[in-house]
Amino acid sequence: MRPMDKLWTVLDVHLKHHSTLGYGLVTLLTAGGERLFSTVVFQCPCSATWNLPYGLVFLLVPALALFLLGYLLNARTWRLLTGCCARSARPRGCGAGLRGALVCAQLSYAAALAPLTWVAVALLGGAFYECAASGSVPLARRLCRGREPTCEAQLPLAPCRQARESDAQDLLKELKAQSQVLGWILIAVVIIFLLIFTSVSRCLSPVSFLQLKFWKIYLEQEQQILKSQATEHATELAKENIKCFFECAHPKESNTPSIKDWQQISSLYTFNPKEQYYSMLHKYVNRKEKSHSIRSNEGDAVIPGLGFVDTPGMNITAGL
């Protein structure tokens, strides 16, 4: 096989499984980042005052940052937010608010993968939990019940192996066991929830399995052609404007879509069982009247299993 054929094979696999590969890559990078933090950056202060906040910061703050980053890198976030302040002055019905809430829930579901991976891997490692738990006064009292009187004072020193009492040092193994048990419980809960959510969304899907496959193929082709045609049209428009600038002439009339046209095809997709449209662009070109809005019609609904329709976007999310 020639090198170019191998390249096209890799690209074809990526296009077919880009969602799965993306989630797998995010999971691996998050797990690797947590291991790097716990071994290189993290240094438990072994202080009764600082152990708890220090451990919790390393456990939860990166998870929060990854959660917000998941929103930032999701194309649906920008479809929902771009121009929303300009539209907020217009009257909106209850249905539009419910659709927005459902989309936000779907965005949160997608953004939660990386932070949950961080917390699960951190709990399995145990370093963050050991440090935080050893600085918790209520937990120290419960663990040191029936042990040496100095156990509570020595427990915060245990993560640094500085505790003089063997009881306090032995409790470190118990804290690590607690951390790992919580980590496996979290992983099990996430997998069960993911299985239930995927099964329910597929069960409620308004289209069949093969039509769903066709739908995804159509979206890939539409986005590729849209990017190609947009690049060609923008190039011709730029050439015409530059030519007229240097020749001091008036440009030819251009058939560029209006602001309203762009807004309509950029809005979030809603499914209507009475009309067979595979994207907002498809819906727009088949509208009955040119002045007719396609954003919200009677019978339109946001279907959880069709969230992939809003995900493609001419590969512009990296530049936002």
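Predicted model: local features only at pLDDT ≥ 70, side-chain atom pairs only at ≥ 80, totals over all residues.
Me: What makes cysteine 44 and cysteine 131 a disulfide?
Reply: A disulfide is a pair of cysteine sulfur atoms within 2.5 Å. The sulfur atoms of cysteine 44 and cysteine 131 are 2.1 Å apart, and they form a disulfide. The pair links distant parts of the chain, 87 residues apart, with cysteine 131 in helix 8 (residues 127-134).

Me: Why is the disulfide of cysteine 44 and cysteine 131 called right-handed?
Reply: The torsion about its S-S bond is about 80 degrees, so the disulfide is right-handed. For cysteine 144 and cysteine 151 the torsion is about -60 degrees, so that disulfide is left-handed.

Me: Why is cysteine 131 called buried?
Reply: Buried means under 20% relative accessible area, exposed over 50%, and partly exposed in between (1.4 Å probe, protein chains only). Cysteine 131 has a relative accessible area of 0%, so cysteine 131 is buried. Cysteine 44, at 13%, also counts as buried.

Me: How do cysteine 46 and cysteine 160 fall under that rule?
Reply: Cysteine 46 has 8% and is therefore buried. Cysteine 160 has 29%, so cysteine 160 is partly exposed. Their sulfur atoms are 1.7 Å apart, and the two form a disulfide.

Me: How do you know that the length of helix 12 agrees with its residue count?
Reply: Helices (H or I, at least four residues) are DSSP runs, numbered from the N terminus. The expected span is 1.5 Å times one less than the number of residues. Helix 12 (residues 209-247) has 39 residues and should span 57 Å; its end C-alpha atoms are 57 Å apart, so the two agree.

Me: What makes a space a cavity, and how many are there?
Reply: On a 1 Å grid over the protein atoms alone, a cavity is a set of points where a 1.4 Å probe fits but cannot get out. The count is 2 cavities of 30 Å³ or more.

Note on methods
Residues numbered from 1 in each chain as written. Heavy atoms only, no water. 1 Å grid on protein atoms, 1.4 Å probe; cavity = no way out; pocket = protein on both sides within 12 Å on 5 of 7 lines; lining within 4 Å. Points joined across faces, edges and corners; volume = space filled by probe spheres on them. Helix = DSSP H or I, 4+ residues; strand = E, 2+ residues; numbered from the N terminus.
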